[in-house]
Amino acid sequence: MCGIVGYIGKKDARSIILDGLQKLEYRGYDSAGVGLVGNGEVKIYKDKGRVAHLKELVDTSFETHVGIGHTRWATHGSPTKMNAHPHTSQSGRFTIVHNGVIENFRELKARYLSGYSFKSQTDTEVIANLLERYFNKYGSFDRAFSKTLSRLEGSFALLILDNTNLDTIYFAKNKTPLVVGIAEDGIVFGSDVIPLAGNAKKYVSLDDGVKGKATKDGVEFTDFVGLQEDIEYKELDITADELTKGSYPHFMLKEINEEPSVVRKLVQEYFDEDDIVINEKLLETIRNCDKINLVACGTSMHASYMAKYFFEKFCEIPTEVFCASELVYSTPLIKDNPCFIFLSQSGETADSIACMKKFNDQKFPIIAITNVPSSTMVSIADFHLDLHAGPEVAVASTKAYTAEVIVTCILAKAVRGKKTHLSYNLEKCAVAMEEVISKAPIIEMMAKQIMDASDVFFIGRGIDYWACLECSLKLKEVSYIHSEAFPSGELKHGTIALIEKGTPVITICTQEGTNPIVRNNLVETQARGSKPFVISTESLSVASDAIDIPNVNHYLSPLISVIVGQLLAYYVATLKGNDVDKPKNLAKSVTVE
Ligand code: M6R
């Protein structure tokens, strides 16, 4: 949600910023804008709509080496040109882009800015005018900046230009990510490292409470008061190639196809022969706890159900899965000695971060499992495990699910501490995944048969039900078809009333123990007219099943069955002509609660 890019240096700022904003499109947005320094002034271009549209608006006739850009996902005020960033202070002196939410912006407006007129409905314009007010009062940018920051409550990543000093970009960060890339020819800013790829070799992921200024020659970091900050530089390991679709028509399809290589990468990263390599202190922390609480949202929450199974089955530690947005407000009784494990592709999900901070304040051990080592969650947690899935650009999460299931499985096996054949079994999964992906034409045929449905149900039991949850989420996210997942036994308790002639009921059968009863439940829906589609493992399949998938260890089966669901969602969405990589209303990083 919202993206920031900035550049100051020797290269063309216009292309770095506009291309960077395009790379951030995956985060979700509804308007975009840039402020580019040219001919001694800041030229602002902005509008609602895509970055491609912004590119058409931007004048290319002037040279520019300094600029700031933004993609906005509307929170305060509708997605209009007026509300798009950058925003300027009343006199036009300060130009600003902002990610985050200023919680006390109404109060600041009423209390300190009564003489100011506002052009937009945004909280951001309040920051620009506050800066101007304090500059007028103190006559010093640094003092005005510190004072402004001291007044802000909420989250912000800010880039600021000052009309009277156009060879500097000022920045500040609190509770919303901001990274600073260091290149030979200048400084690049991003909401995450993705716009830095190809432009910088090392970067700093700013801590909360850091501000600073960048010129073409370098960058200075201080705290909000102005005292020097110690900064840790990291190597950037994402290449520009990883951020392209390659020969695939969409990122979602590319990322599904990458799943077998994600499995192999995880084996490479976490195994030394048959031994698992994970920080011993982390393992001891889990061994010493009497309950594991898994916290996540969306797809990561669905992976958490598998993680619960692994921790209970392999480690015999009671484990509970919490939806982060619920947990933060309805916290259950927490007794004795728990630990908290957060699963998140982005590491920036606001609901999860709110919970993480709360339990971190209470001194409970926190483990973050994320795909983004520079993320906020990693900076708060006591321990971090990397998903090693590579950048996931499509809004609908696919390969991160696979990585989350695998990393938690590896972790649970490591906590148990016995020798394991998991690396061998995972290699078998990678091969099985390739086989399923090669059956894409069959899945596309299924997609043709469900694309006109208004409701689709997914049913299964136990592990298959958790896989159904993820398949159903994928389908609704990109196809916009209403879809629900149910434990198949629960249908009779109400939902079966919704089954009509032709309603697709997609059934996952990979578990020997539950296969007969799940198939009985499907027959009950067929008696009410449903159109059945069974996804079954080879050993359980019957002739009428829609697709069979290779057998793998029963507890790893969602790694295979979910790929069918992901491809099904992909094909339904593309057959319907939907923007599958950027589905409507969704954002990749959900950075507001
Ligand atoms: O980055 P996270 O894994 O924390 O994100 C959680 C959810 O927002 C995310 O999984 C969402 O449900 C995706 N759109 C799923 O495709």
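Residues are numbered from 1 along each chain as its sequence is written. In this predicted model, local features need pLDDT of at least 70 and side-chain atom pairs count only at pLDDT 80 or more, while totals for chains, interfaces and linings use all residues; side-chain values use heavy atoms, without hydrogens and water.

**Exercise 1.** State how many salt bridges a search of the whole structure finds.

*Solution.* Begin with the criterion: a salt bridge is a side-chain nitrogen of Lys or Arg within 4 Å of a carboxyl oxygen of Asp or Glu.

**Exercise 2.** Describe the salt bridge between Arg-264 and Glu-427.

*Solution.* First, the closest N and O atoms of Arg-264 and Glu-427 lie 3.0 Å apart. Second, the pair links distant parts of the chain, 163 residues apart: Arg-264 belongs to helix H7 (residues 259-270) and Glu-427 to helix H14 (residues 422-438). Helices here are DSSP runs of H or I with at least four residues, and strands are runs of E with at least two, numbered from the N terminus. Third, Arg-264 is partly exposed because its relative accessibility is 29%. Buried means under 20% relative accessible area, exposed over 50%, and partly exposed in between (1.4 Å probe, protein chains only).
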